[in-house]
Amino acid sequence: MLAKRYIGKKLVDNIFVTSKKAKQAIKEFGKENVVNATIGSLYNEEEKLAVYDVVESVYRNLPPEDLYAYATNVIGEDDYLEEVIKVVFYDDYKEVLKGMYIASIATTGGTGALSNTIKNYMDTGDKVLLPNWMWGTYKNIVIENGGKIETYQLFDNKGNFNFEDFKNKVLELAKVQKNVVLIINEPSHNPTGFRMTYEEWVNLMDFFKSIKDTNVIVIRDVAYFEYDDRSEEETKKIRRLLVGLPKNILFMYAFSLSKSLSIYGMRIGAQIAISSDEEVIQEFKDALPFSCRTTWSNVPRGGMRLFTTIMKDPELKANFLKEKQSYMNLLKERAEIFLKEAKEENLEVLPYKSGFFVTIPIGETVDKVIEELENKNIFIIKFDTGIRIGLCSVPKRKIEGLARKIKEAINKFSKQ
């Protein structure tokens, strides 16, 4: 009875499946005896969802019409659309990015921004270029919209961004496709915590400028960027690289309030499009609202009002940033514990710079290793041939000794 294009599609989300196992183990053995590293949300040291005091206070004091009424526009509240651009590109973006055209649209989380972009810029049957280490939902979004998958190797043999493989894959697709849609999840990459250097961004942008006869739509997934410790100076230098891009290169930023304000269930995000060509941005303004209206109609007004209230009030914003810094410090402390012990145990970890997750490559025995860890009430997420640890949700006391236990499980099966 299904439409032909939906036959055979079935969601298998191992994150939710494994998380359910962890919750069952907690019921059976008690929270202190279980390591639940499956959660992709920010938790405090008491293993409860991180809720910012400023966010809670502002939200509880919003007027009822902001909480319960529709948004005033399908694409989102005007002040929200302006504030998300400022968060990503800073307050002086109009001056620094002079000559570039920018527009934003409110979406249902970062996922909505990703889906909306692929739906509108990928032709049916085309391939979308994704990193080999990736959040698995990228694939599902492409398949949902009638596309196929091509992957590039994220890392070279030195642990740097694999520019050569990325470039070659883009050029191969450019020979056969009018549009090449690709995703770069950076900084604080999910699942590895990888971040590119400024020099790597320079090489990348120079390469994009060399492409002449193909449209390239670069989706930059910045869901976790606010928990990255890249300096403001370097971030602004990378921002300036957008100036002067040819009109066949469109950058689309996928922004998520789930991480920024720790309001995961409100499902608020944004698409931010930037181009050197006014017509390209006008196309965005014309076509994307159509998809919004026919998919989710509009996003919750309360979440947008919450964000703009905090961002536009200097005192509230300062208090929020102070709170956020404390969680960034906590993430750094957790990462330092794990990475130090991993080094002592000679446990290989994919290049980590910042963010919610670290990933350990394992290989063909990955399923056996996961089973062994689960038998010890350690629950992690499988990513291809590796395992992802959610530093964001595991308290420091449970991270201590975790690297050793993972290494022991790997060694047990590597000797067979």
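This is a conversation about how some of the labels used for this predicted model are reached.

Reader: Which residues of H8 and H9 meet?

Author: From H8 there are Phe 163, Phe 166, Lys 167, Val 170 and Leu 171, and from H9 there are Asn 203, Leu 204, Phe 207 and Phe 208. The residues of this contact divide into seven nonpolar, one polar and one charged.

Reader: And why is H13 called roughly perpendicular to H14?

Author: H13 (residues 301-312) packs against H14 (residues 314-344) at an angle of about 100°, with the axes 5 Å apart. The range from 65 to 115 degrees counts as roughly perpendicular, and therefore H13 is roughly perpendicular to H14. Thr 309, Ile 310, Met 311 and Lys 312 of H13 make the contact with Pro 314, Leu 316, Lys 317 and Phe 320 of H14. Sorted by type, the residues of that contact are five nonpolar, one polar and two charged.

Reader: How do you know that H13 is largely enclosed by the rest of the structure?

Author: By counting buried residues, where buried means under 20% relative accessible area. Ten of the twelve residues of H13 are buried, so H13 is largely enclosed by the rest of the structure. Among them are Arg 301, Met 304, Leu 306, Phe 307 and Ile 310.

Reader: What does the length of H13 say when set against the expected value?

Author: H13 reaches 16 Å from its first C-alpha to its last, close to the 16 Å expected at 1.5 Å a residue.

Reader: Now some single residues. Why does Ile 219 count as buried?

Author: Ile 219 has 0% relative accessibility. Buried means under 20%, so Ile 219 counts as buried. Ile 219 lies in strand E6 (residues 215-221). Leaving aside neighbours within four places in sequence, Ile 219 is in contact with Leu 114, Thr 117, Ile 118, Val 181, Leu 182, Ile 183, Ile 184 and Met 252. The C-alpha atoms of Ile 219 and Ala 254 are separated by 7.0 Å, although these residues are 35 residues apart along the chain.

Reader: Is Leu 316 buried or partly exposed, and what makes it so?

Author: Leu 316 has a relative accessible area of 22%. Buried needs a value under 20% and exposed one over 50%, so Leu 316 is partly exposed. Leu 316 sits in helix H14 and touches Val 54, Val 58, Thr 309 and Ile 310, not counting residues up to four places away in sequence. Leu 316 and Val 55 are 261 residues apart in sequence and 9.1 Å apart in space, C-alpha to C-alpha.

Reader: What makes Asn 377 buried?

Author: The relative accessible area of Asn 377 is 14%. The limit is under 20%, so Asn 377 is buried. Asn 377 is found in the loop between H15 (366-375) and E10 (378-379), with a positive phi of about 60° although it is not a glycine.

Reader: Last, the loop between E5 and H9. Why is Ser 188 there called buried?

Author: Ser 188 has a relative accessible area of 1%. With the limit at under 20%, Ser 188 is therefore buried. Ser 188 also has a positive phi of about 55° although it is not a glycine.

How values were computed
Residues are numbered from 1 along each chain as its sequence is written. This is a predicted model: local features need pLDDT of at least 70, side-chain atom pairs count only at pLDDT 80 or more; totals for chains, interfaces and linings use all residues. Side-chain values use heavy atoms; hydrogens and water are left out. Contact means heavy atoms within 4.5 Å. Helices (H or I, at least four residues) and strands (E, at least two) are DSSP runs, numbered from the N terminus. Ala, Val, Leu, Ile, Met, Phe, Trp, Tyr, Cys and Pro count as nonpolar, Asp, Glu, Lys and Arg as charged, and the others, Gly among them, as polar. The expected span of a helix is 1.5 Å times one less than its number of residues. Buried means under 20% relative accessible area, exposed over 50%, partly exposed in between (1.4 Å probe, protein chains only). Axes are lines fitted to C-alpha atoms, for helices over the stretch in contact, and angles run from 0 to 180 degrees between N-to-C directions. Angles under 35 degrees count as roughly parallel, over 145 as roughly antiparallel, 65 to 115 as roughly perpendicular and the rest as oblique.
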